[in-house]
Amino acid sequence: MKKFQLGEFEEIVLLTVGVLYNEAYGVAIKEEIESRLKRKVSVGALQSALRRMEKKGYLNSRTGEANEKRGGKPKRFFTITAHGKEALKYSKDVRTQLWDAIPEIALELKFS
C-alpha cells in the first residue's frame, strides 16, 4: 500500500498532531516534538511537512482567531483526517510485523 507510506519525520509530525489534538499548531507541534524526542526541529522543515501532508489528505487545517500577541496573525490548527489515521495505522502495522519477525536470538546482544 504505497499510498500510505510515511517518512519518519512525517510520522512523528502526524503522531504529534494527534497528541496535541485541538491545540496542534506550528509552534506547539515543534515544541512537543523537541520536548519528547530531544531533537531540534526547523520551522521550515515542519511547515513543509505540514503542507505536504495536508496536500496528501493526511491533515486538515483551520485558521484560529487573530490576536494581538501574534501581531494580528491567526494560528493555523491541524487535525488528522481519516486518511491520516489509516497512514498511521499502516505504519504501525508494518513496524509491528517487522518487530515480530525478528528472531529472538538476533536481539540477544550484550554490550562489551
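This is a predicted model: local features need pLDDT of at least 70, side-chain atom pairs count only at pLDDT 80 or more; totals for chains, interfaces and linings use all residues.
Student: Is Glu11 buried or exposed?
Tutor: Let's find Glu11 to begin with: this residue sits in helix 1, residues 8-20. Its relative accessibility is 10%, and a residue counts as buried under 20%. Glu11 is therefore buried.

Student: Which side chain makes a polar contact with the side chain of Glu11?
Tutor: Setting aside neighbours within four places in sequence, Glu11 is in contact with Leu6, Leu88, Ser91 and Arg95. A polar contact of 2.7 Å links the side chain of Glu11 to that of one of these residues. The partner is Arg95.

Student: How do the axes of helix 1 and helix 4 lie: roughly parallel, roughly perpendicular or oblique?
Tutor: Two packed helices are described by the angle between their axes and the distance between the axes. For helix 1 and helix 4 (residues 82-101), the axes come within 11 Å and cross at roughly 120 degrees. Roughly perpendicular covers 65 to 115 degrees, so helix 1 is, relative to helix 4, oblique.

Student: Which residues of helix 4 make the contact with helix 1?
Tutor: Helix 1 passes helix 4 in a left-handed crossing. From helix 1, the contact involves Glu11, Leu14 and Leu15. By class, the contact between the two helices has three nonpolar, two polar and two charged residues. On the helix 4 side, the residues are Gly84, Leu88, Ser91 and Arg95.

Student: How are helix 1 and helix 3 arranged?
Tutor: Helix 3 covers residues 43-56, and its axis is 10 Å from that of helix 1. The two pack at an angle of about 80 degrees. Angles of 65 to 115 degrees fall in one class, so helix 1 and helix 3 are roughly perpendicular.

Student: How many nonpolar residues does the contact of helix 1 with helix 3 have?
Tutor: Helix 1 brings Phe9, Glu10, Val13, Leu14 and Val17. Helix 3 brings Ala45, Leu46, Ala49, Leu50, Arg52, Met53 and Lys56. By class, this contact has no polar residues, three charged ones and, for the nonpolar count, nine.

Student: What is the phi of Tyr21?
Tutor: Most residues other than glycine have a negative phi. Tyr21 lies in the loop between helix 1 and helix 2 and is exposed, at 58% relative accessible area. Although Tyr21 is not a glycine, its phi is positive, at about 50 degrees.

Student: Is Lys38 buried or exposed?
Tutor: Lys38 is in the loop between helix 2 and helix 3, and its phi is positive, about 55 degrees. Its relative accessibility is 70%, and the cut-off is over 50%. Lys38 therefore counts as exposed.

Definitions and conventions:
Residues are numbered from 1 along each chain as its sequence is written. Side-chain values use heavy atoms; hydrogens and water are left out. Helices (H or I, at least four residues) and strands (E, at least two) are DSSP runs, numbered from the N terminus. Buried means under 20% relative accessible area, exposed over 50%, partly exposed in between (1.4 Å probe, protein chains only). A polar contact is a pair of N or O atoms within 3.5 Å; within protein, one must be able to donate a hydrogen and the other to accept it, and residues adjacent in sequence count only if both atoms are side-chain atoms. Contact means heavy atoms within 4.5 Å. Axes are lines fitted to C-alpha atoms, for helices over the stretch in contact, and angles run from 0 to 180 degrees between N-to-C directions. Angles under 35 degrees count as roughly parallel, over 145 as roughly antiparallel, 65 to 115 as roughly perpendicular and the rest as oblique. A crossing is left-handed if the near helix is turned anticlockwise from the far one by less than a right angle, and right-handed if clockwise. Ala, Val, Leu, Ile, Met, Phe, Trp, Tyr, Cys and Pro count as nonpolar, Asp, Glu, Lys and Arg as charged, and the others, Gly among them, as polar.
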